[in-house]
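Hello,

Here is the structure I promised to pass on. My notes on it follow below.

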Amino acid sequence: MSSETIQHRHLPDRLDKPLSAALRSWETLLAVVAVAIFIFNSFASPHFLNAWTLSDMTFNFTEKAIIALPMALLIIAGEIDLSVAAILALSSTLMGFAMQFGLGTPALVCVGIIVGLICGAFNGALVTGLGLPSIVVTIGTMSLFRGLAFIILGDQVYKNYPDGFEYFGQGYVAWVISFELVLFLAFAALFGFLLHFTTFGRRLYFIGRNPVSAQFSGVNVKRMKFILFCLTGVMSGVASVLLTSRLGSTRPSIAQGFELEAITMVVLGGVAITGGAGSILGVVLAALIMGLVTFGFGLLNVPGIVMSIFVGMLLIAVIALPILWKRFVWVLKK
Amino acid sequence: MAQASTISKSAPALTLSGISKSFPGVRALHQVNLSLYPGQVTALVGENGAGKSTLVKVLTGIYQPDEGAITLDGKRVTLSSAQTAFELGITAIHQETVLFDDLTVAENIWLGHAPRKRFGLIDWAAMNEKARAVLAQMHAAHIAPETRLRELSIANKHLVAVARALSIDSRVVVMDEPTAALSAKEINELYDLVALLKSQGKAILFISHKFDEIYKIADRYTVFRDGEQVGEGHLKDTAQNELVKLMVGRSVDKVFPKHHAKIGDVVLSVSGLSHPTEFENISFELHKGEILGFYGLVGAGRTEVMKALFGMTKPSAGTIAMDDRPLAITSAEDAINAGIVYVPEERGAQGLGTGLPIFMNVTLPSLKRTSKSNVLRLKNEFDLARRYTERLDLRASSLSQDVSTLSGGNQQKVVIAKWLAMSPKVIILDEPTKGIDIGSKAAVHEFMAQLVAEGMAVIMVSSEIPEVLGMADRVIVMREGLVTAGFENKNLQPETLVRAAAGIE
């Protein structure tokens with residue numbers, strides 16, 4: 001190979017035009033589905049196209065979606081946290097417990113978030129420190145955290161949260177725009193930025209695709225996973241503040257089944273359950289779809305049990321759909 | 001030889017005509033024709049990325065061709081799945097066997113077509129007995145059918161794969177670099193098996209990068225370049241140079257580039273490095289501008305020492321110093337910050353984020369530099385990736401191409417580009433040219449010469465003697481976790497290295 005034979009080929013940045021790639025994306029399909037359900041709902045009930053109805057609709061998904069955001073990061077990194085609803089319950093219970101000692105609203109919020117952080121750090125330490133699989137660890141802590149909530153609270157109920165506490169779950173920032181919705185959108189922007197525009201997010205994809213090669217490239221895989229579990233715990237604490245505030249009371253059975261709906265949102269949003277792929281925009285759209293569907297069922301007076309069947313079927317369908325979608329795109333390209 | 005040419009007049013067992021296969025941005029195969037004749041070995045040669053692996057996947061039903069026809073014994077067939085291909089009598093033996101480690105030898109041989117009793121239950125006794133018979137026929141009676149595959153060496157696993165091919169009356173056997181991971185003795189046993197398969201009238205497609213072995217066992221050859229078939233014929237009429245020319249489309253005159261780098265001060269010094277089980281008391285010095293070869297047999301502990309230098313294995317004793325300052329390396333991050341980088345032997349498993357684009361793979365360790373207070377700057381990333389990949393003459397359609405769609409040689413270039421972008425002081429290359437084609441090999445060697453000329457220090461772990469003798473300034477030989485010898489590479493004979501590695505006094 002003498003120097004004159006080396007003709008460097010120019011490598012373009014990308015072949016796909018960004019626009020055509022975007023049009024073929026999973027997010028586009030989700031947006032179309034969301035619009036379709038929206039239109040269906042507006043025909044299904046004359047009350048749907050009303051600013052207050054739409055505002056009420058958002059409460060169907062904001063708390064779960066706030067948990068789905070860090071969950072998306074965790075799943076992209078190849079881990080999962082099934083204990084989020086239990087963290088929420090324990091956090092809510094300890095807020096109620098702390099309230100009995102006369103703590104004010106700011107202190108209660110701190111308690112809720114710190115309990116979430118501690119639970120998340122506990123999960124993270126077990127997974128990264130002992131090298132246990134997260135699905136097993138968090139099935140364990142799911143029972144552990146909720147069990148603690150039952151021990152503390154028994155069949156009692158905490159009520160009478162202090163003045164001002166109700167704002168988080170019941171307050172409106174302006175007109176029909178609820179505090180929960182604004183908080184969710186702000187967090188979505190924050191997580192979207194973290195995942196798509198920072199070095200932290202980039203490394204997450206590598207960890208999800210191939211943790212060994214990420215480590216061989218100098219990525220501190222354990223530290224990053226630990227941070228993700230802590231983050232998921234904190235966000236579960238935040239969701240706990242919102243839900244407790246909205247309900248105005250705490251029972252140990254609070255937020256039963258939230259983990260499945262949060263994970264469904266993440267997977268429906270196009271995050272690969274095997275890790276290494278996905279976007280926050282997809283998760284936000286998926287949350288919106290779940291909210292629209294739940295609300296649509298409510299408008300049609302569909303019983304709750306049917307709703308639960310639907311969520312179960314949706315979870316299965318969204319695992320299958322991305323695969324079918326990819327095949328469809330593949331055929332289109334040919 | 002005369003016999004071979006008479007047979008070739010017989011009808012081919014398998015014919016591919018006009019086969020094309022494309023992936024997004026990559027044309028893997030274009031209008032390929034191939035005929036395999038019963039009782040003959042056809043060698044398939046070509047650089048990495050020439051389309052050999054794609055062809056194997058088409059033959060074994062894993063990929064469906066976009067166009068073209070496959071004819072088996074005169075009948076047009078569609079290989080719609082791996083199962084169909086297997087049932088039609090096309091079996092494959094891969095470089096790293098794709099069998100099941102936790103099943104027994106007999107189960108692996110008979111998987112999918114096990115002898116049955118009433119109610120469809122598996123007849124275990126018959127299965128083991130028939131497995132024993134097949135293995136005996138191959139002179140491999142030392143493998144018990146009841147053994148779990150996990151307990152076998154790679155060579156024995158290959159034997160099981162061959163037994164599987166014999167267990168169904170297969171017509172076509174595809175062997176994809178079967179000798180890449182075998183020792184010399186095992187390779188000879190494999191050649192015997194190829195002869196056995198030939199004598200049974202099977203048509204064999206043999207893929208290999210080793211010319212001596214092609215000339216030893218193959219009757220015909222077919223050459224692929226950039227997804228097209230560029231030549232075929234009888235090996236006895238074809239000189240080795242001609243094949244090489246066909247493969248690369250130009251003649252490769254210089255095998256190893258001469259490098260005259262100035263050897264400078266000691267940059268890395270390792271002293272008494274030990275590990276409880278893998279290696280003991282490893283001491284050596286590495287100079288600026290030097291290529292230090294590490295030679296030894298597979299399992300001599302060379303890779304483990306390199307992993308310790310790179311912070312991936314924790315040594316139990318010993319010191320590592322760079323520029324006379326002691327280093328405390330406990331993670332790859334520490335090593336990279338100190339200026340030591342490692343190109344692993346297992347590219348796919350340890351070197352690449354498969355499924356992610358080229359540019360992201362290149363910039364992963366450099367993100368601190370390309371980003372601004374941890375916010376990504378895509379333009380910087382593309383610039384950096386382009387600078388280093390173009391310097392290595394990476395063959396790809398764009399910087400956003402998924403690295404897993406690249407050939408082995410080009411994947412290696414991505415891994416090397418990733419580390420060059422860090423401007424390291426010491427670069428460790430672990431079997432840098434293993435399993436990559438002649439063209440990419442030459443590019444990697446050329447590049448090592450450039451690196452040392454720029455004052456970098458290179459550690460090259462290699463099991464290929466020509467590479468060690470052609471490239472290294474000094475050679476350290478390891479055996480069973482110990483350094484057994486060190487040589488200046490002046491009039492160094494291959495025999496000297498082999499004796500030191502094997503422990504012959």
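In this predicted model, 27 residues of chain A are in contact with 39 residues of chain B (contact: C-beta atoms, placed from the backbone, within 7 Å). On the chain A side, α10 (199-209) and α11 (211-216) each supply at least two residues. The largest share, six residues, comes from α10(A). By type, the chain A side divides into 12 nonpolar, 10 polar and five charged residues. Here Ala, Val, Leu, Ile, Met, Phe, Trp, Tyr, Cys and Pro are nonpolar, Asp, Glu, Lys and Arg charged, and the others, Gly among them, polar. Helices (H or I, at least four residues) and strands (E, at least two) are DSSP runs, numbered from the N terminus.

Two notes on reading this. Residues are numbered from 1 along each chain as its sequence is written, and chains are lettered from A and ligands numbered from 1 in the order in which they are written. As the model is predicted, local features need pLDDT of at least 70, side-chain atom pairs count only at pLDDT 80 or more, and totals for chains, interfaces and linings use all residues.

Next, the helices of chain A. The axes of α9 (residues 179-197) and α10(A) come within 5 Å and cross at roughly 65 degrees. Axes are lines fitted to C-alpha atoms, for helices over the stretch in contact, with angles from 0 to 180 degrees between N-to-C directions. α9(A) and α10(A) are therefore roughly perpendicular (65 to 115 degrees). A:Leu194, A:Leu195, A:His196 and A:Phe197 of α9(A) meet A:Phe200, A:Gly201 and A:Leu204 of α10(A). That contact has five nonpolar residues, two polar and no charged.

Helix α12 (residues 221-247) of chain A has 27 residues. Of these, 19 are buried, so α12(A) is largely enclosed by the rest of the structure (buried: 20 or more other C-beta atoms within 10 Å of a residue's own). Just after α12(A), A:Gly248 takes a positive phi of about 75 degrees.

Now the strands of chain B. Four form an open, antiparallel sheet in the order β12-β11-β14-β15 (strands pair if DSSP finds at least two bridges between them). Its edge strands are β12 (282-287) and β15 (325-327). Five bridges join β11 (residues 266-274) to β12(B), and B:Leu273 has B:Ile282 as its bridge partner.

Elsewhere, six bridges join the antiparallel strands β19 (residues 474-479) and β20 (residues 482-488) of chain B. B:Arg479 stands opposite B:Leu482. Two residues lie between these strands, and B:Glu480 takes a positive phi near 45 degrees.

Best wishes

Definitions and conventions
Contact = placed C-beta atoms within 7 Å. Expected span 1.5 Å × (residues − 1). Buried ≥ 20, exposed ≤ 12 C-beta atoms within 10 Å, placed from the backbone. Parallel < 35°, antiparallel > 145°, perpendicular 65-115°, else oblique.
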